[in-house]
Amino acid sequence: MKVDDLIERARKLKEKGLTIGEIASELNVSRETAMWLLAKVREDKVISDVYVDLRAISNPYRMRNIANAMADMIYETVDKNPDVVVGIATSGIPIATFVAEALDADLSMYYPKKLKWEGEGSRVGGVFSENFAKVDEKNCVIVDNVITTGNTIRETIEQVKNRKGSVLCSAVIIDKRGLSEIEGIPLLSLFKIVRI
């Protein structure tokens, strides 16, 4: 996808009332890249992110197969059965739902603080949805679609631990950082983007 197309998509999302964090999540880019797209800075500025278009896997049949591959990697890595799969809102929820099904686990949903940006210098902390499974004292697996900086998964790990839950591993479809762990917790990915 061309940068101009991303700029146009970011503008349309902003017009719909989405926050910078929500736009970043929707476009699968970092918050900084979303701000850059909205500001349309000079051409000589370097973009330090990669856009990942996952629309081809929005078909439930394809998504279920990807989730089954992720569940297989999770089973191969962890030595305990997960009680809860924590899906990171918003883009991680669909795949997390299928992963939870494949693991025969409950589903929890976490809204990271990047989606709760309230304006200049003011952040509202991330929250678990009250409509889904609790993570308190449970063995959890964190699932998202793309990892860009690792901050959202790091935040989610911290929030699960704050509720006396344990994180067995995190799993994503695409890892843009090439990480194998975050906070000592294994990070599994179907694909890693490596810059040469």
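**Exercise 1.** In which sense do strand S4 and strand S5 pair, and over how many bridges?

*Solution.* Before we start, note that this is a predicted model, where local features need pLDDT of at least 70, side-chain atom pairs count only at pLDDT 80 or more, and totals for chains, interfaces and linings use all residues. Residues are numbered from 1 along each chain as its sequence is written, and side-chain values use heavy atoms, leaving out hydrogens and water.

Step 1: find strand S4 at residues 139-147 and strand S5 at residues 166-175. Strands (E, at least two residues) and helices (H or I, at least four) are DSSP runs, numbered from the N terminus.

Step 2: S4 and S5 pair in the parallel sense, over 8 bridges. Two strands pair if DSSP finds at least two bridges between them.

**Exercise 2.** What is the strand order of the open sheet?

*Solution.* Step 1: the 7 strands run S3-S2-S1-S4-S5-S7-S6, with mixed pairing.

Step 1: the edge strands, S3 (127-128) and S6 (181-182), each pair on one side only.

**Exercise 3.** At roughly what angle do the axes of helix H1 and helix H3 cross?

*Solution.* Step 1: take H1 (residues 3-15) and H3 (residues 31-39); their axes come within 8 Å and cross at roughly 95 degrees. Axes are lines fitted to C-alpha atoms, for helices over the stretch in contact, with angles from 0 to 180 degrees between N-to-C directions.

Step 1: H1 is therefore roughly perpendicular to H3, a label for angles of 65 to 115 degrees.

Step 2: the contact (heavy atoms within 4.5 Å) includes Leu 6 and Ile 7 of H1 and Trp 36 of H3.

How values were computed. Parallel < 35°, antiparallel > 145°, perpendicular 65-115°, else oblique.
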